[in-house]
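Please find below a colleague's note on a two-chain model, written for a reader who is new to structures. Kindly keep the sequence and the coordinates in view while reading.

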Amino acid sequence: MKVVIMGCGRVGARLASLLEQDGHTVTIIDIDSYSFRRLSPDFKGTALVGNGIDEDILRSAGIEEAGAFVALTQGDNRNVMASQIAKHIFGVPRAICRIYDPLRRDMYEELGVETVSPTTIFAQMLREKLESQGE
Amino acid sequence: MYIIVVGGGRVGYYLAKALLDEGHEVLILEKNATFARTLSDELGSICVRGDGCEATTMASVGTNRADMLIAVTGDDEDNLVSCQLAKHMFGVPRTVARIRNPKNENIFKKLGIDVIVNTTNLILESIEEEVPTHTLTRLHDIRDKGLEIVEVKIPPDAPTIGRPLKELTLPEGSVLSLVIRKARRPIVPSGATILQAEDQVIAVTAHESEEALRAALSGQ
C-alpha cells in the first residue's frame, strides 16, 4: 500500500520506518527540510518539502494513488484540514489524523476522519501505570 | 443577531465595529492576550480571550445560540475548524470563513462552509482594476526557490502581437505555461503560438528575470 505521511517529527519518522519494514511505500511531507534528519538512514521512500494542506503538494506526494494518509503535524487544525482534503477531495480510503484536543477529536470522528488523541491515550496510560504500582 | 467573530486582528476589529454599528450583538474571540485587552478597551467588553477552535471556549461564550460565526484569523486551517465546530457541534446556521490561499476556496465549499471570503483574490482583483496599464502581476511566490508565477497581459499596442513565441527571446529560466484568451479555452503555448492583444500569459520565472520577461513578451 502507498501511504502519505504529513509531518516528519519523531512519530512521523518512526511510523515511516515501521511501515516501510512492513513493505509499504511511504512518502513523507514536511514544511521544513531539516525535519528529514529524523528519518532513518535506511529510509527508501520519498521525502517532500511542502505544506500538506496544499492540494498541489498532496498531489505531487501521490495522494491520488495512496491507500492511506496520516496527519501528524503539531497543529490540530492543520491535521484535520489535511485529512479532510485527503478523504473528501481525493477520496483516500483511510485518513488518520492526530488531534491533541479530545473534544475536537470527537467531532471529527463523526465527520468521517479517523482520529487519535494522544492526550486521552497518554493520560490513561499514565493512570494505569500509577495505579498498578505497589500492587 | 448574535454574531461571533473569531480572530481579533485588523479584519476582526473593523468587522466587529461595523456589526456593532448595525445593532448586532457581537462577541470577538481572540487568542492573544494583548490583542484581546486592546479590543476590550476600545470596543467595550465584547472580547473574550480564548481559542476559537476549542470546543470548551466556544461553549462558554454561548455558541449554541449564535446566529452566525465569522472566522477571520490569518490562518485558513483555523478558520475552517472554527466554522466546522460551530456548525456541527453547536448548530450555528451560518458560517463565514476568510481564506488567504485562493486554492482553498473549493475545499472549504466541499467541506460545508456557507460563505467563503477570498481576501487575496479580492485584493488582487481590485488592484488590477485600479491599475489597468500594468502588464505584469505576481500571482504566486514559490518560496525558497527564488521562483514566482506571474501573469503578463499583452498590451493592445505591443510589437510582439502577431509573432510566434519562438521568435521571442525569453530570459533564461522563464517558462510560459498558459495563454488565456478572451472567450476561448486556455492554451498551453508552443513555439508556434501567436500572441494576440489582451492575451494573459501565465509564466514561471526567477525573481530577477521578472522584468526581462515582461519586456520580452510586451516588446516594451
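1. Basis of the note. This is a predicted model, in which local features need pLDDT of at least 70 and side-chain atom pairs count only at pLDDT 80 or more, while totals for chains, interfaces and linings use all residues. Residues are numbered from 1 along each chain as its sequence is written, and chains are lettered from A and ligands numbered from 1 in the order in which they are written.

2. Confidence. The pLDDT is the predictor's confidence in each residue, from 0 to 100. Chain B has an average pLDDT of 90, and 97% of its residues score at least 70. For the complex, the predictor reports an ipTM of 0.84 and a pTM of 0.71.

3. Helices (H or I, at least four residues) and strands (E, at least two) are DSSP runs, numbered from the N terminus; two strands pair if DSSP finds at least two bridges between them. Chain A holds an open sheet of 6 strands with parallel pairing, in the order S3-S2-S1-S4-S5-S6. Its edge strands, each pairing on one side only, are S3 (46-49) and S6 (114-116). The average twist from one strand to the next is 20°, where axes are lines fitted to C-alpha atoms, for helices over the stretch in contact, and angles run from 0 to 180 degrees between N-to-C directions.

4. Strand S1 of chain A. S1(A), residues 2-6, has 4 of its 5 residues buried; a residue is buried if 20 or more other C-beta atoms lie within 10 Å of its own, exposed if 12 or fewer, and partly exposed in between, with C-beta atoms placed from the backbone. S1(A) pairs in the parallel sense with S2(A), residues 25-30, over 5 bridges, and Lys2(A) stands opposite Thr25(A). With S4(A), residues 68-71, the parallel pairing of S1(A) runs over 4 bridges; here Val4(A) has Phe69(A) as its bridge partner.

5. The sheet of chain B. S8(B), residues 147-153, and S10(B), residues 200-206, form 7 antiparallel bridges, and Val150(B) lies opposite Ala203(B).

6. Leu136 of chain B. Is Leu136(B) buried or partly exposed? Leu136(B) belongs to strand S7 of chain B and counts as partly exposed because it has 19 C-beta neighbours inside 10 Å. Not counting residues up to four places away in sequence, Leu136(B) touches Val150(B), Val152(B), Glu210(B) and Arg214(B); two residues are in contact if their C-beta atoms, placed from the backbone, lie within 7 Å.

7. The contact between the chains. Chain A contributes 17 residues and chain B contributes 15 residues. On the side of chain A, helices H3 (76-89) and H4 (102-110) are the elements that give two or more residues, and H3(A) gives the most, with 8 residues. The residues on this side of chain A divide into 8 nonpolar, 4 polar and 5 charged; Ala, Val, Leu, Ile, Met, Phe, Trp, Tyr, Cys and Pro count as nonpolar, Asp, Glu, Lys and Arg as charged, and the others, Gly among them, as polar.
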